[in-house]
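Here is a short tour of a helical model, written to be read with the structure open beside it. Have a look first, then follow the packing along the chain.

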Amino acid sequence: MSGRRGRISDDEINELISKLQALLPETSRRRNASRSSASKLLKETCSYIKSLHREVDDLSDRLSELMSTMDNDSPQAEIIRSLLR
């Protein structure tokens, strides 16, 4: 770290931005992340995380509905339980 203690260098910021880009499906193909696009990247990241939360909630609701209509002793219920472990 350069300069003051605890301060992140430009190189470290650029490296973190690159790592974050690689995690996002829509931005992973972009090559050069500049500091000016860091704000946009963070907004995209927040949006992506929110969409993942919605997807998890939807899948959880669908799974709950499925389990409520299923015989708990059925082979299908056992398969679902084993996947959730």
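The chain holds three helices and zero strands, where helices (H or I, at least four residues) and strands (E, at least two) are DSSP runs numbered from the N terminus.

A word on conventions: residues are numbered from 1 along each chain as its sequence is written. This is a predicted model, so local features need pLDDT of at least 70 and side-chain atom pairs count only at pLDDT 80 or more, while totals for chains, interfaces and linings use all residues; side-chain values use heavy atoms, with hydrogens and water left out.

The two helix pairs are set out below; axes are lines fitted to C-alpha atoms over the stretch in contact, and angles run from 0 to 180 degrees between N-to-C directions.

| Pair | Axes come within | Crossing angle |
|---|---|---|
| H1 (residues 10-23) and H2 (residues 38-68) | 11 Å | roughly 35° |
| H2 and H3 (residues 75-84) | 11 Å | roughly 145° |

On the H1 side, the contact (heavy atoms within 4.5 Å) is made by Ile 17, Leu 20, Gln 21 and Leu 23, which meet Ala 38, Leu 41, Leu 42, Thr 45 and Tyr 48 of H2. By class, this contact has seven nonpolar, two polar and no charged residues.

Further along H2, Leu 63, Leu 66 and Met 67 meet Ile 80, Arg 81 and Leu 84 of H3. Here the classes are five nonpolar, no polar and one charged.

Which residues make up the largest nonpolar core? They are Ile 13, Ile 17, Leu 24, Ala 38 and Leu 41, five in all; such a core is a set of buried Ala, Val, Leu, Ile, Met, Phe, Trp, Tyr and Cys residues joined through side-chain atoms within 4.5 Å. H1 and H2 each supply at least two residues of this core. Leu 24, one of its members, is in contact with Leu 41, Glu 44, Thr 45 and Tyr 48, leaving aside neighbours within four places in sequence.

Across the 85 residues of the chain, 18% count as buried, meaning under 20% relative accessible area with a 1.4 Å probe, protein chains only. Residues 24 or more positions apart account for 12% of the contacts with a separation of 6 or more.

How values were computed:
Nonpolar A, V, L, I, M, F, W, Y, C, P; charged D, E, K, R; others polar. Buried < 20%, exposed > 50% of the residue type's maximum accessible area, 1.4 Å probe, protein only.
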